[in-house]
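Q: Please take a close look at one part of the model shown here, namely the pairing of its strands. A connected account would be welcome.

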Amino acid sequence: MKKYLLLFIVIIFGIVIISRLFYLQVYDTSAQISSENNAVKKKFDFPQRGFIFDRNGKLLVSNQPSYDVMVIPKNAKPLKSKEKLEFCKLLKISEEEFDKKLEKAKKYSPRLPSVVVPQFTKEEYAYLSEKIWKYKGFYIQKRALREYHVDHSANVFGYIAEVNNSIIKKNPYYQMGDLIGKSGVEQEYEKILRGVKGVKYQQMDRFNRVIGPYKEGIYDTLPINGKDITLTIDATLQEYGKKLLVNKRGGIVALEPATGEILALITAPSYDPKLLVGRERSKNFTKLWYDTISRPLFDRVLQGEYPPGSPFKTLTGLIGLQEGIINTKETVVCNGSYNYGGKKPLKCHHSRPPLAIRGAIAKSCNSYFATVYRRSIEKYPTPQEGMDNWKHHLESFGLGNYMGYDLPPGKKGLIPSAKFYNRWYNYPKYKWYATATISNAIGQGEVILTPMQMVNFTVAIANRGWYYKPHIIKNIKGTDTIPSIYTKKYNTTINTKYFEPIIDGMLEAYSDGTASYLRIPDIEICGKTGTSENYTKIDGKRVQLTDHSIFIAFAPKDNPKIAIAVIVENGFWGSRWAGRIAGLMIEKYLKGEITRTDMEEYVLKGSLEEEYAKPLSGKPFKINY
Amino acid sequence: MARARRLKFDWITIIIYLALVSIGWINIYSASYNETSAGFFDFSQTYFKQLIWIGLSLVLITFILALEAKFYERFSSVIYLVSLLSLLGLFVLGKNVNGATSWYFFGGFSIQPSEFAKAATALALAKFVSDIQTDLKEFKDQIKALILIFLPALIIIPQPDPGSALVYVALIFPLYREGLHYIYLLLGFIVAALFVTTLAIGVPWVTVGILIIAIFFYLKNKKRKPNIFKYGIIAAACIGFSVSVNFIFENVLEQRHRDRFNIVLGKEVDTKDIGYNTNQSEIAIGSGGWTGKGWLQGTQTKGKFVPEQDTDYIFSTVGEEWGFLGSLVVVLLFLFLIIRLLILAERQKSQFSRVYGYSVASIIFFHFFINIGMVSGLLPTIGIPLPFFSYGGSGLWGFTILLFIFIRLDASNYVNR
């Protein structure tokens, strides 16, 4: 016993030690993970974000360096009161703020850098860099921000912002503090613009200091710069459109019919993209976000849903012709209103001799298109079938659904179906007929479209029956293709030959119709005015507001180069604002200069602010006045 | 010279020693390695200094082995006294390093006398026990032996260096081997067990446990009509001890001491302050996996996350870079060395050699178990080096002297036969 006790103890304790090591090293794997977290840090190299150009190669968006004042609290000496005062003045913050930031930095880590004041400009940097050496522990760090070379098109570009937690969870590529495109082209082409981050694995010591590359850098990767992209928009048009919409609310959207390229996409009111860069960013963003009256962040072209009004008659006519329930010769008598047996007859603003389809388009005769619409529906045994057939035609123009353009999806609009009306009228308990939906004929009633959808059907008309999906990407640097959905032709359900009478009618609108005073010398424009009734709710009561001024057009008649849709909210009749703006935009694009300076002056000087103030005033007001 | 040729050194022990020193140095190299050093022959580098110490150890070994075995027996008292004086001298001339006044400085060198005192005490103990007049069954001699052992410990404690002092407890084992009643060991074991369990599960549960054990033994021995009072008194004493441990722990010990125990007992998960060492060391060892990250590839080692990594915590580098298999090799080398020493001790003809051999085995075992236990988080943080491994000239020399005196004694034992 005496001889073997110690031997026995040694063996037992040896087994205990070995078991403990086995547990730590083999059985429990948690330490492997902690050791990685402990000792290996990933450092990212951020690639340069791609530039954005317009269709003519004009640089719109690039990058600018921004300068953050950083501090490593451990290295910072306490400042004398005079020094501190001077430094705070330099940093443009108060002393309390300065103390707070320093305290926060210390709390985060005394050895790691923290931002004291972010995003100084180049000019401020020049001044700061001369003085910063005096303050030990403080230094300036460069970052890249977006630089905008234009003050328009904020709705097209979108913006970039720091990723939030939900993005990080969904996409492991992003880390806290990374920037991501949040809307517009920046969001749509995020992957192309951003490039790929480079990673450096670094060996850290216990103070979290870098002591060298991990494994001699065999896992490291280099950053890949983002690719530059060229957009289809024309910066000149964008700028001009923005000018025309000053003091108005609405949108302008122009496409190139032959390609579906978006030439202009303007919403008003908008904001200067520079507002969302730099130190004032969050303040400015909050201001824009909470402006619920003029809604500058709301893209009226993509998100705005409006009753299209009279331009929709072109489609009613096309469907009528295709369905064969009317021909180009037949005239419809108009007594100044169309009585369909409802409570209130559908009024018509003109009273002239009976018109055939061309004249009906040019003069925008309600009675004519109500008749055509009714016949199109009633051609079928039940209104349900008629309705769905009608909807089918319209869908072929890209209406009633998301359009698939390379911008934020916006809104679907609405082309009502039989199901829609069945629910509405509680079918089969109550029946409904074509007459109940008669307002659709003239683009009122249940039909709503976004301006982008309006311009898309205008393109289909200009092309006599087909279109490419609207898109904003013209070229991605280093590749010669754009996404294939934008090179696929979409055909409408309407035969090519039926487009000519409609186009003739649109041309006649300028020569002898609703747009006759909008003529532009030397350009054959086909257009259609629209005056769309609209309502709002004030204190829960449905109140009618002044009509929206709407206009669609394309030019020239043959081999069209531009198609456009314009809406000016509460602008009253179609040719008043939207028609003028459409004409000016077309002239600007095709000629590069304005000859109708009278029209230009009218638009530039005009303001609708009074009109917009009416429903907010709380007092009774008159509309269409 | 003719006699010297007949000396038969135990090569197994020597080879294990050389293996441990070499492996130790490889790990010190890794732990102190940094890419900025001027080259291999850099005197400011820890690994190079250690290499010099190792080289000098070989000279020292030759010297130790060249001396007569009788020298150690004869001069053991003198050596012991010199050793005590050198420990006492620290209070006057010692330099404070990391809060402990355990060092003499000579020019660029520093000497830690407590590392040498172990060998001296072992020699003195062997001399005393092997004295024909000593009888460990007698209380008087028991006290004398205990004084001999704990005198250096008492001087070392207030330096303060409780770790080095604790090692002297190991010398109870040779006494037990030479006839000390087992009750002392048992008492020691019970005290330790009660101490740990009280802190781990609290006085009430310990009381319940003691009562159950007492009743169990009472019922088991019922046929022999045991004295119920005896059981009652022992149980009461145990409970009383448990209560007093609790009292001391809560009211006498300082918070930092409490923290150390609580971390090991898993009561406080604290990875920042006091628990930092243990936590980082466990992470380093644990991250080694089966085969480790490879020499000079340990991320924890490179980042110097484990404090005292080249000294007390050198084993964490072994664990990280060589994995479980490497750790196993080191642990087995130590176990073989200790067992080999015990076998050698048992076959000694002279009692002096046997007691000394036992002392050497016990001291190395204590160091080994406490150090690796601490590094792997089994035991509280007790600053004590890993023999032959940890960086430090005094430590290496202290253990080399301790071990090779025994190898010398063992070698001459054959001669006498």
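Which residue in strand 8 of chain A stands opposite A:Phe44?

A: The residue opposite A:Phe44 is A:Val199, in strand 8 of chain A. The model is a predicted one, in which local features need pLDDT of at least 70 and side-chain atom pairs count only at pLDDT 80 or more, while totals for chains, interfaces and linings use all residues. Residues are numbered from 1 along each chain as its sequence is written, and chains are lettered from A, with ligands numbered from 1, in the order in which they are written.

Strands here are DSSP runs of E with at least two residues, numbered from the N terminus, and two of them pair if DSSP finds at least two bridges between them. Strand 1 of chain A runs antiparallel to strand 8 (residues 198–204) of chain A, and six bridges join the two. Both belong to an open sheet of three strands in chain A, which has the order 1-8-9 and antiparallel pairing. Strand 1 (40–45) and strand 9 (210–213) of chain A stand at the edges; each has a single partner strand, so one side of each is left without a neighbour in the sheet. From one strand to the next, the twist averages 45°, an angle taken between the N-to-C directions of axes, which are lines fitted to C-alpha atoms, on a scale from 0 to 180 degrees.

A further set of pairings involves strand 3 (residues 59–71) of chain A. Two bridges connect this strand with strand 2 (residues 52–53) of chain A in the antiparallel sense, and here A:Ile52 stands opposite A:Val61. The hairpin that strands 2 and 3 of chain A form has five residues between the strands, and A:Gly57 takes a positive phi near 85° in it.

Strand 3 of chain A also pairs with strand 5 (residues 138–148) of chain A; these two run antiparallel and are joined by eleven bridges. A:Tyr67 has A:Lys142 of strand 5 of chain A as its bridge partner. Another antiparallel pairing, over four bridges, links strand 3 of chain A to strand 4 (residues 114–120) of chain A.
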